[in-house]
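Q: I would like a close look at one part of this structure, and then at what lies around it.

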Amino acid sequence: MKPKSKTRWNSKIPTWLFLGFLQAASGLDVLENRLIGDVSKPVNPAELNPNFHYIDTSFENASPLWYELDERGRIQIHLNYDLERESPNRANGHWHFKLQATPGSKHTIVLNNLNNVWNGKPGVPVSNRTICKVSEDGRVWRTIETEIEHLDQLVFEVEMRQSHLYIAHVEPYRISDLEILKNQITDHPLVDIREIGSTVQGRSLEIIRVGKDTAPYRVFLRGRAHPWEPGGNWVIQGLIQSLLEESSENQTYLNLYAVYILPMANKDGVAAGKTRFNMMGKDLNRNWDKPADPALCPENHYLEKWFQSMIDQGTPIHMAMDLHNDQSGRIHVSRPNIDLDAYLDRMKRYEALMRKHTWFTEGSTGGSFRNPGTIGEGLLERYGITAFVQELNANWIEGLQQHTSGKNWHLLGSQMRRVFFEFFLAESNIPKP
Ligand SMILES: [Zn+2]
């Protein structure tokens, strides 16, 4: 017979008796309220952290969440999971909220609910390399570092320079930022902005063309299939703005190729501050092996129609990339069961040019890597387009030895002008300069 352990003896004491005993012994009336979510004896937050006022999520792209203060006065943020339809998958990874507190005060913030399920498997979207951005005005952001606590909580400290502070995972790019960009460029003779359809909630989906519709080569970029991943929007903005500067090199580039861009595929998710899925719980970077359901996934349905219309007009897309953020930043070369020789050869050239002309150093997926149903596979198999997912490390840029920022992603976009030029030049009959 096993000796009775102390633990076993303790477990026989009813919890209410144990808590009652502790409460009586310590004289602390708030004890029970320290249990997360217990509202039987509400506590005024001012007792726990008198400098804390509120978490504001009333603005564009703010993340759905609820919060409470713990017994140490730390702000416990509970992010709402973003759920996929008919799937175990769930995602958190976007945070964007405004802390209101006394100027000069310091606060510890704990983010909860980071137990994601990705491709049916558990996955934590943060690590000790995860950064956090803070800003007083939502425009100029600085980076702070974070720490992991208990595997699934992210902890960081902030200091209030004013009475409010915007806090986000990566530097936000909102629908209003895209509208500013579109207004800047819409009258330019080398720009065409065309609505191709609308999202679940009726927001317009536009294709922005920069360059001539008669250019011999066409490259396509999609941004923001996943709302938490704004890096692609900064790259797209850098590419567009730099291509429209007057210079002889831009003239040379745009005599060879035009860029076609769907800048923000999941606009509804961006507006709602979601992490991954559209408003019907569909992942816009999955199920590309078959036509998209127009009711559940109009964002992909209209894009497929557009790809087909380009083929029907005799102006097919030659290369397509889907811009994402993750924790590693590689080019995802997915390998479906088809003859891949020509595709892999082009991908090798693309990667070499990215390493040569941009700050990109992260490399590509090798071996037999596959991620079925992604847009890269779907466009390659169904439309014969050289297509792939281009990830951007959300936290760190190895080639610059800097944290990520809108400015650094903007730079990548401007550097990619030359990558596209040399990529297509090698395949053209135009004499090499
Ligand atoms: Zn993504």
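Q: Which residues does Ile261 touch, not counting residues up to four places away in sequence?

A: In this predicted model, Ile261 touches Ile207, Ile208, Leu221 and Ile236, with residues up to four places away in sequence left out of the count. Ile261 belongs to the largest nonpolar core, which has 59 residues. Within that core, Ile261 is one of the residues that touch the most other members, along with Leu221, Tyr257, Val259, Ala320 and Phe420. Helix 11 (residues 406-425) supplies the largest share of this core, eight residues. Another core lies apart from it and has 21 residues, including Leu79, Ala101, Ile167 and Val170.

Helix 8 comes next. Helix 8 runs over residues 298-312 and has 15 residues. From its first C-alpha to its last, helix 8 reaches 21 Å, close to the 21 Å expected at 1.5 Å a residue. Its buried residues are Pro298, Glu299, Asn300, Tyr302, Leu303 and Phe307. They pack against strand 15 (191-198), strand 16 (204-210), strand 18 (257-262) and helix 10 (375-383). Just after helix 8, Gly314 has a positive phi of about 80°.

Domain 1 contributes 19 residues to the contact, and domain 2 contributes 19 residues. On the side of domain 1 that touches domain 2, five residues are nonpolar, nine are polar and five are charged.

Note on methods
Residues are numbered from 1 along each chain as its sequence is written. This is a predicted model: local features need pLDDT of at least 70, side-chain atom pairs count only at pLDDT 80 or more; totals for chains, interfaces and linings use all residues. A nonpolar core is a set of buried Ala, Val, Leu, Ile, Met, Phe, Trp, Tyr and Cys residues joined through C-beta atoms within 7 Å. A residue is buried if 20 or more other C-beta atoms lie within 10 Å of its own, exposed if 12 or fewer, and partly exposed in between; C-beta atoms are placed from the backbone. Helices (H or I, at least four residues) and strands (E, at least two) are DSSP runs, numbered from the N terminus. Two residues are in contact if their C-beta atoms, placed from the backbone, lie within 7 Å. The expected span of a helix is 1.5 Å times one less than its number of residues. Ala, Val, Leu, Ile, Met, Phe, Trp, Tyr, Cys and Pro count as nonpolar, Asp, Glu, Lys and Arg as charged, and the others, Gly among them, as polar.
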